[in-house]
2 protein chains.
Amino acid sequence: MEPFSTPFFEENFKQYIKKNNDVFTKLEAMNSYYRSVVSSMIYDNLNKNSEIVRRIRNLDTAYKTVKAENTEE
Amino acid sequence: MEPFSTPFFEENFKQYIKKNNDVFTKLEAMNSYYRSVVSSMIYDNLNKNSEIVRRIRNLDTAYKTVKAENTEE
């Protein structure tokens, strides 16, 4: 799976939700993961700003997809 | 206060925390606000990618400052 793609982030969201389901609700886990990923990407000086924005858009698309799913697996 | 500056986001974080303190903990409110602001900024085609990244960095700096504060006012 291509890193920083939408499917990549979808998978990571699901893993993070699952790993933290004893302390976080699904939405809490998603918002926490989202913030930590954005925070690390914006200080990555190896990448162009256009690439950073592209990755965040993929993350955001994955967020919307996973949020809309009924299951938390 | 300059829009999208770090002090601007600090103020907005605090207001959002306060407004939602009956339903969200401080951290939940912060992560929720962070996600919603990033999500809206990345689809703003009026701005250059460099400006989008600059704004998200300001948001992230404000996040760290407000998170580290003891009070929630």
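F8(A) is partly exposed, at 21% relative accessible area (buried means under 20%, exposed over 50% and partly exposed in between, with a 1.4 Å probe and protein chains only). F9(A) is buried, at 1%. This is a predicted model, in which local features need pLDDT of at least 70, side-chain atom pairs count only at pLDDT 80 or more, and totals for chains, interfaces and linings use all residues. Residues are numbered from 1 along each chain as its sequence is written, chains are lettered from A and ligands numbered from 1 in the order in which they are written, and side-chain values use heavy atoms, with hydrogens and water left out.

**Aromatic pairs**

- A pair of aromatic rings is described by the distance of the centres and the angle of the planes.
- The count over all chains is 14 aromatic pairs (rings of Phe, Tyr and Trp, the last by its six-membered ring, pair if their centres lie within 6.5 Å; planes under 30 degrees apart count as stacked, over 60 as edge-to-face and the rest as tilted).
- F8(A) and F9(A) have ring centres 5.2 Å apart and planes at 70°, so this pair is edge-to-face.
- Y34(A) and Y63(A) also pair edge-to-face, with 5.4 Å between centres and 75° between planes.
- That pair links distant parts of the chain, 29 residues apart: Y34(A) lies in helix α2 (residues 26-41) of chain A and Y63(A) in helix α3 (residues 49-68) of chain A. Helices here are DSSP runs (H or I, at least four residues), as strands are (E, at least two), numbered from the N terminus.
- Y34(A) is buried at 0% relative accessibility. Y63(A) is buried at 3%.
- Ring pairs join F13(A), Y16(A), Y33(A), Y34(A) and Y63(A) into a cluster.

**Interface of chain B and chain A**

- The size of an interface is often given as the accessible area lost when the parts come together.
- Here about 1900 Å² is buried between chain B and chain A, with 56% of that area from carbon and sulfur atoms (buried area is the accessible area, by a 1.4 Å probe, that two parts lose on being put together, summed over both).
- R35(B), I42(B) and R57(B) supply 32% of the area that chain B buries against chain A, more than any other three residues.
- The contact draws 20 residues from chain B and 20 residues from chain A (contact means heavy atoms within 4.5 Å).
- Six residue pairs are in polar contact between chain B and chain A, both residues at pLDDT 80 or more. A polar contact is a pair of N or O atoms within 3.5 Å; within protein, one must be able to donate a hydrogen and the other to accept it, and residues adjacent in sequence count only if both atoms are side-chain atoms.
- On the side of chain B that touches chain A, the elements giving two or more residues are α2 (26-41) and α3 (49-68) of chain B.
- α3(B) gives the most to that side, with ten residues.
- The residues of that side divide into eight nonpolar, seven polar and five charged. In this scheme Ala, Val, Leu, Ile, Met, Phe, Trp, Tyr, Cys and Pro are nonpolar, Asp, Glu, Lys and Arg are charged, and the others, Gly among them, are polar.

**N31(B)**

- Where does N31(B) lie? N31(B) is in helix α2 of chain B.
- N31(B) is buried, at 7% relative accessible area.
- The side chain of N31(B) makes a polar contact of 2.6 Å with the side chain of Y63(B).
- Beyond its neighbours within four places in sequence, N31(B) is in contact with N31(A), S32(A), R35(A) and Y63(B).

**Salt bridges**

- Side chains of opposite charge can pair when their charged atoms come close.
- The whole structure holds ten salt bridges over all chains (a side-chain nitrogen of Lys or Arg within 4 Å of a carboxyl oxygen of Asp or Glu).
- Two salt bridges cross the interface of chain B and chain A.
- D60(B) bridges to R35(A), with the closest N and O atoms 3.1 Å apart. Both D60(B) and R35(A) are buried.
- D60(B) also forms a salt bridge with K64(B), at 3.2 Å from N to O.
- D60(B) and K64(B) both lie in helix α3 of chain B, four residues apart, about one turn of the helix.
- D60(B) has a relative accessible area of 0%, whereas K64(B) is partly exposed at 43%.
- Salt bridges with shared partners join R35(A), D60(B) and K64(B) into one network.
- R54(A) and E51(A) meet in a salt bridge, at 3.0 Å from N to O. R54(A) and E51(A) are three residues apart in helix α3 of chain A, so about one helical turn separates them.
- R54(A) is partly exposed, at 33% relative accessible area.
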